[in-house]
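Let's walk through this structure together, one region at a time.

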2 protein chains.
Amino acid sequence: MKKIDEQKKKSSLWFKSLRNQICEELEKIEGIHSSTPSRFQRTSWQRDKDGSRKLGGGEMSLIRGKVFEKAGVNISTVFGELSDSMLGKIPGTQNSKNFWASGISVVIHPFSPKIPTIHMNTRFIVTEKSWFGGGADITPTNKKSEKSKKIAKLFHKNLKKICDKYDPGAYDKYKKWCDEYFYLPHRREARGLGGIFYDYLNSDNWNEDFLFTKNVGETFLQTYKKIVDDTISDQWDADDKKMQYHRRSRYVEFNLLHDRGTKFGLQTDGNIEAIFMSLPPFASW
Amino acid sequence: MKKIDEQKKKSSLWFKSLRNQICEELEKIEGIHSSTPSRFQRTSWQRDKDGSRKLGGGEMSLIRGKVFEKAGVNISTVFGELSDSMLGKIPGTQNSKNFWASGISVVIHPFSPKIPTIHMNTRFIVTEKSWFGGGADITPTNKKSEKSKKIAKLFHKNLKKICDKYDPGAYDKYKKWCDEYFYLPHRREARGLGGIFYDYLNSDNWNEDFLFTKNVGETFLQTYKKIVDDTISDQWDADDKKMQYHRRSRYVEFNLLHDRGTKFGLQTDGNIEAIFMSLPPFASW
């Protein structure tokens with residue numbers, strides 16, 4: 001097997017395995033807090049075939065639960081030719097339209113306004129070049145409360161650990177990238193309390209880059225479990241709920257106006273339900 | 001006074017007068033159905049000054065009532081220089097960056113899922129050319145019910161009347177334009193049940209074009225009053241409400257992903273609260 005094909009196989013298998021872990025862990029939490037726990041519903045989708053040639057597809061997993069009002073975990077592996085408007089904008093597409101992309105994307109909107117919304121996404125992309133990208137960021141309802149700051153501190157601390165293991169300069173760089181990326185220029189405000197974001201990661205040591213990407217997924221999951229545990233018993237009132245709906249409206253604005261993942265999905269004719277799974281169960285303006 | 005300056009004055013005064021009529025009529029309806037009726041809250045905003053040069057501004061009127069859960073009526077008159085990225089994309093901007101734009105924009109999200117959401121917007125724009133644009137479209141919660149179809153029929157009939165008065169071919173053309181404009185390609189569905197949409201209207205008879213634009217505003221208001229009257233007593237249940245939240249989510253998607261008004265507002269550094277006033281009070285995904 002060619003090295004790049006092995007890398008494609010390893011990475012896509014990992015995204016699937018991580019998806020299974022995430023769904024299992026979230027279902028466990030639902031099980032503890034509900035006598036009739038919701039389960040993830042899984043739907044697969046295929047990209048339209050180009051003649052007899054397959055173009056890949058994905059699997060959406062969606063839960064609407066008591067703790068996790070709406071949580072979506074998508075994996076997909078898509079390939080084929082990029083539309084002309086995208087050529088040159090993505091590395092390694094000057095001479096060839098071919099692309100291959102596999103990844104996982106998770107967005108969790110908890111029911112309680114005291115449990116932060118969270119997002120994690122990692123991917124491996126192959127054109128005439130190849131690279132990893134991804135990140136994780138956290139969005140508490142009340143960005144200014146002491147508790148939210150404490151949670152964000154833990155989240156950042158754990159992300160810093162795996163960044164430091166990968167490359168001593170990585171955390172500062174990826175934290176900054178995250179702050180710049182998850183920013184709503186039209187509101188002049190950050191989406192949440194940050195995290196890390198990276199792209200075009202290719203250090204010439206594929207195994208190291210892959211390990212880092214795996215660590216992002218695992219650290220996200222372990223840290224979020226801890227955060228849910230720390231916040232699930234916190235009392236909240238109608239004002240907190242109102243603030244949560246407000247915070248979520250900004251999430252919608254970011255995802256529809258700015259998110260590159262949304263744009264990439266729409267431009268590569270991805271599955272619309274999967275692309276928009278990140279949108280909150282309720283939001284208000 | 002130069003002819004164009006007179007036209008600017010007349011059109012912007014009309015938008016203000018129409019704004020007053022709309023607010024008054026909606027407040028009257030609130031007054032009938034509530035013992036402590038909500039009133040429109042008015043906020044003015046100014047575009048940032050370019051040195052000592054004023055760049056215009058606007059007034060937002062927002063009501064959060066019992067009948068009209070959220071209704072916004074914006075007027076604005078803005079001017080100055082277009083950003084480079086917009087030049088050439090707008091008629092009459094090949095040789096000059098100067099623009100002047102005045103208009104009114106109304107979006108009404110009623111509380112009852114039986115009363116349709118409605119939108120109306122008209123404007124007069126001046127670059128090296130000048131033209132009117134605008135339209136009105138209706139979005140019932142349940143697009144397929146007999147009642148919704150009946151309402152849409154009345155709405156279209158009244159719009160057709162004023163189109164026919166302006167130009168016998170206008171209704172078919174503007175209805176089609178509306179269907180094409182208020183369409184969500186990523187969902188492959190229409191936003192609602194249509195209406196009319198027109199742009200670049202300059203027939204060389206400014207008075208006729210202005211009269212048509214005035215008629216759009218007045219017909220919208222009179223017809224919507226009738227529609228509210230016809231639907232306000234209709235019973236609804238939790239399923240209707242759920243469908244309303246769903247319909248509104250598509251409204252958000254359209255406004256953030258596709259609406260040119262939103263884009264124009266963001267690109268000309270318009271007031272963010274005014275631009276996003278069209279977004280529904282609650283939506284769900």
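In this predicted model, begin in chain B, where strand β1(B) is joined to strand β2 (residues 56-63) by six bridges, the two running antiparallel. For a landmark along this pair, look for Gln46(B), which stands opposite Gly57(B) in β2(B).

Now zoom out to the sheet that holds this pair. It is an open sheet of seven strands in chain B, and reading across it gives the order β1-β2-β3-β4-β5-β6-β9, with antiparallel pairing. Which strands form the edges? They are β1 (41-46) and β9 (195-201) of chain B, each of which pairs on one side only.

Two helices of chain B come next. Helix α3 (residues 170-181) lies across β6 (130-139) and β9 of chain B, and it runs at about 100 degrees to β9(B). Helix α4 (residues 206-231) of chain B packs on the sheet as well, where it touches β4 (98-109), β5 (117-126), β6 and β9. Compare its direction with that of β5(B) and you will find an angle of about 165 degrees.

At the start of α6(A), a side-chain oxygen of Asp259(A) comes to within 3.3 Å of the backbone nitrogen of Gly261(A). Just after the helix, Asp269(A) adopts a positive phi of about 60 degrees.

What does Phe264(A) touch, leaving aside residues up to four places away in sequence? Its partners are Leu82(A), Met86(A), Ile90(A) and Phe99(A). Take Met86(A) as an example: Phe264(A) is 178 residues from it along the chain, yet their C-alpha atoms are separated by 9.0 Å. Even with these contacts, Phe264(A) has a relative accessible area of 25%, so it counts as partly exposed.

Our last stop is Asn158(A), in helix α2 (residues 146-166) of chain A. Is this residue buried or exposed? Asn158(A) counts as buried because its relative accessibility is 16%, and the cut-off for buried is under 20%. Beyond residues up to four places away in sequence, Asn158(A) touches Thr219(A) and Thr223(A). With Thr223(A) there is also a polar contact: the side chains of Asn158(A) and Thr223(A) are joined at 3.0 Å.

Conventions:
Residues are numbered from 1 along each chain as its sequence is written. Chains are lettered from A and ligands numbered from 1 in the order in which they are written. This is a predicted model: local features need pLDDT of at least 70, side-chain atom pairs count only at pLDDT 80 or more; totals for chains, interfaces and linings use all residues. Side-chain values use heavy atoms; hydrogens and water are left out. Two strands pair if DSSP finds at least two bridges between them. Helices (H or I, at least four residues) and strands (E, at least two) are DSSP runs, numbered from the N terminus. Contact means heavy atoms within 4.5 Å. Axes are lines fitted to C-alpha atoms, for helices over the stretch in contact, and angles run from 0 to 180 degrees between N-to-C directions. Buried means under 20% relative accessible area, exposed over 50%, partly exposed in between (1.4 Å probe, protein chains only). A polar contact is a pair of N or O atoms within 3.5 Å; within protein, one must be able to donate a hydrogen and the other to accept it, and residues adjacent in sequence count only if both atoms are side-chain atoms.
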